[in-house]
Amino acid sequence: MMDELDICRENMLRAMSAAGLNPNSWAKKAGVSESGVRGFLNGSAPNISLGFLARLAAALGLRAADFLRPDFPGLDPERLTTALTLTRSALADVGVDLPPAAEASLVQLAYAGLVEGKSRADLERGMLLHLGRIGAQSMTG
């Protein structure tokens, strides 16, 4: 029987594959160590911190809790590509260069919107609102 860590590993492998990534490219995208990613995925590192998991999830537009779901649906590569394209286009349109974690939150927003069937206009509007919140937080924080 699979325990929570086994479920997490399996879901991470599925998501990584669907995103067309390998441990090195995923680690780079998430801003974490490749050895940490490889170690957890191959079982040589038996545990993973929630922060590490959250950064890996965010890099794919997911939440850390998604990897712990036994019914994890995986990623739809076409939706993920569309979410990445929409995000990069929106950022280019407003001339903003975000740190990876902030960009990943926009990808997550776009991916979730695509899953919900939102229109491109609604997705772009949502991303602009999110960018406004990020800007407001950086000015006050």
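Leaving aside its neighbours within four places in sequence, with which residues is Arg9 in contact? The structure examined here is a predicted model, in which local features need pLDDT of at least 70 and side-chain atom pairs count only at pLDDT 80 or more, while totals for chains, interfaces and linings use all residues. Residues are numbered from 1 along each chain as its sequence is written, and side-chain values use heavy atoms, with hydrogens and water left out.

Arg9 is placed in helix H1, residues 4-18, where helices are DSSP runs of H or I with at least four residues, numbered from the N terminus. Beyond its neighbours within four places in sequence, Arg9 is in contact with Phe40, Leu41, Gly43, Ala45 and Pro46, contact meaning heavy atoms within 4.5 Å. Arg9 counts as buried because its relative accessibility is 12%; buried means under 20% relative accessible area, exposed over 50%, and partly exposed in between, with a 1.4 Å probe and protein chains only. The side chain of Arg9 reaches the backbone oxygen of Pro46 at 3.3 Å, and Arg9 also lies over the face of Phe40, at 4.3 Å from the ring centre (a charge sits over a ring if NZ of Lys or CZ of Arg is within 6 Å of the ring centre and within 35 degrees of the ring normal).

In helix H2, residues 23-30, the residues Pro23, Trp26, Ala27 and Ala30 are buried. Seen down the axis of H2, these buried residues fall within an arc of 100 degrees, so they line one face of the helix; the arc is that of the directions from the helix axis to the C-beta atoms. The buried residues of H2 pack against H1, helix H3 (34-42) and helix H4 (50-59). At the start of H2, a side-chain oxygen of Asn22 comes to within 2.9 Å of the backbone nitrogen of Asn24, and after H2 comes Gly31, with a positive phi near 75 degrees.

The structure holds one aromatic pair. The ring centres of Trp26 and Phe67 are 6.1 Å apart and the ring planes are at 70 degrees, so the pair is edge-to-face; rings of Phe, Tyr and Trp (its six-membered ring) pair if their centres lie within 6.5 Å, and planes under 30 degrees apart count as stacked, over 60 as edge-to-face and the rest as tilted. This pair links distant parts of the chain, with Trp26 in helix H2 and Phe67 in the loop between H4 and helix H5 (77-94), 41 residues apart. Both Trp26 and Phe67 are buried.

Note on methods
Helices (H or I, at least four residues) and strands (E, at least two) are DSSP runs, numbered from the N terminus. A polar contact is a pair of N or O atoms within 3.5 Å; within protein, one must be able to donate a hydrogen and the other to accept it, and residues adjacent in sequence count only if both atoms are side-chain atoms.
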